[in-house]
Amino acid sequence: MSAQTTESVFGQVAGLICENFDRSEEEITLDSDFAADFGCDSLDQVEFMMAVEEQFGITVSDEDAEKIRTVRQAVEAIQLAAAQGKRP
């Protein structure tokens with residue numbers, strides 16, 4: 001994946017959130033919390049990160065994925081994995 005802007009990555013992540021958690025894009029901000037705002041449990045987050053990895057063609061370590069609480073953290077993890085060339 002070539003370097004993408006935060007806005008571009010956010011747009012794709014928001015689309016995945018809409019699909020996976022039945023939310024509208026208007027409800028999603030960079031500061032949205034997966035548990036508090038979307039009602040995600042740990043299994044939901046694992047499934048979401050799998051969708052992220054597939055969408056972006058990257059791999060996010062389990063250790064890094066466990067630290068993701070907000071949409072902003074997810075976007076940053078995606079950008080970091082892409083920049084480091086972490087492919088499946």
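This is a predicted model: local features need pLDDT of at least 70, side-chain atom pairs count only at pLDDT 80 or more; totals for chains, interfaces and linings use all residues.

Visitor: How are two packed helices described?

Guide: They are described by the angle between their axes and the distance between the axes.

Visitor: And at what angle do helix 1 and helix 3 cross here?

Guide: The axes of helix 1 (residues 6-21) and helix 3 (residues 42-56) cross at roughly 135° and come within 11 Å. That makes helix 1 oblique to helix 3. Here angles under 35 degrees count as roughly parallel, over 145 as roughly antiparallel, 65 to 115 as roughly perpendicular and the rest as oblique. The axes are lines fitted to C-alpha atoms, for helices over the stretch in contact, with angles running from 0 to 180 degrees between N-to-C directions. Helices are DSSP runs (H or I, at least four residues), as are strands (E, at least two), numbered from the N terminus.

Visitor: Which residues of helix 1 and helix 3 meet?

Guide: From helix 1, Val9, Gln12, Val13, Leu16, Ile17, Asn20 and Phe21 meet Asp44, Phe48, Ala51, Val52, Gln55 and Phe56 of helix 3. Contact means heavy atoms within 4.5 Å. By class, the contact of helix 1 with helix 3 has nine nonpolar, three polar and one charged residues. Ala, Val, Leu, Ile, Met, Phe, Trp, Tyr, Cys and Pro count as nonpolar, Asp, Glu, Lys and Arg as charged, and the others, Gly among them, as polar.

Visitor: What does Asp44 touch?

Guide: Not counting residues up to four places away in sequence, Asp44 touches Phe21 and Gly39. Asp44 is partly exposed, with a relative accessible area of 24%; buried means under 20%, exposed over 50%, and partly exposed in between (1.4 Å probe, protein chains only).

Visitor: What about Gln55: which residues does Gln55 touch?

Guide: Gln55, which lies in helix 3, touches Gln12 and Leu16, not counting residues up to four places away in sequence. The C-alpha atoms of Gln55 and Gln12 are separated by 8.4 Å, and the two are 43 residues apart along the chain. Gln55 is partly exposed, at a relative accessible area of 42%.

Visitor: New topic. How many disulfides does the structure hold?

Guide: The structure holds zero disulfides, a disulfide being a pair of cysteine sulfur atoms within 2.5 Å.

Visitor: Now the loops. Is Thr70 buried or exposed?

Guide: Thr70 is buried, with a relative accessible area of 18%. Its place is in the loop between helix 4 (62-66) and helix 5 (71-83). Leaving aside neighbours within four places in sequence, Thr70 is in contact with Leu30, Asp31, Ser32, Asp33 and Phe34.

Visitor: And what is the phi of Asp22?

Guide: Phi of Asp22 is near 50°, a positive value in a residue other than glycine. Asp22 is found in the loop between helix 1 and helix 2 (34-38), and counts as exposed at 70% relative accessibility.

Methods. Residues are numbered from 1 along each chain as its sequence is written. Side-chain values use heavy atoms; hydrogens and water are left out.
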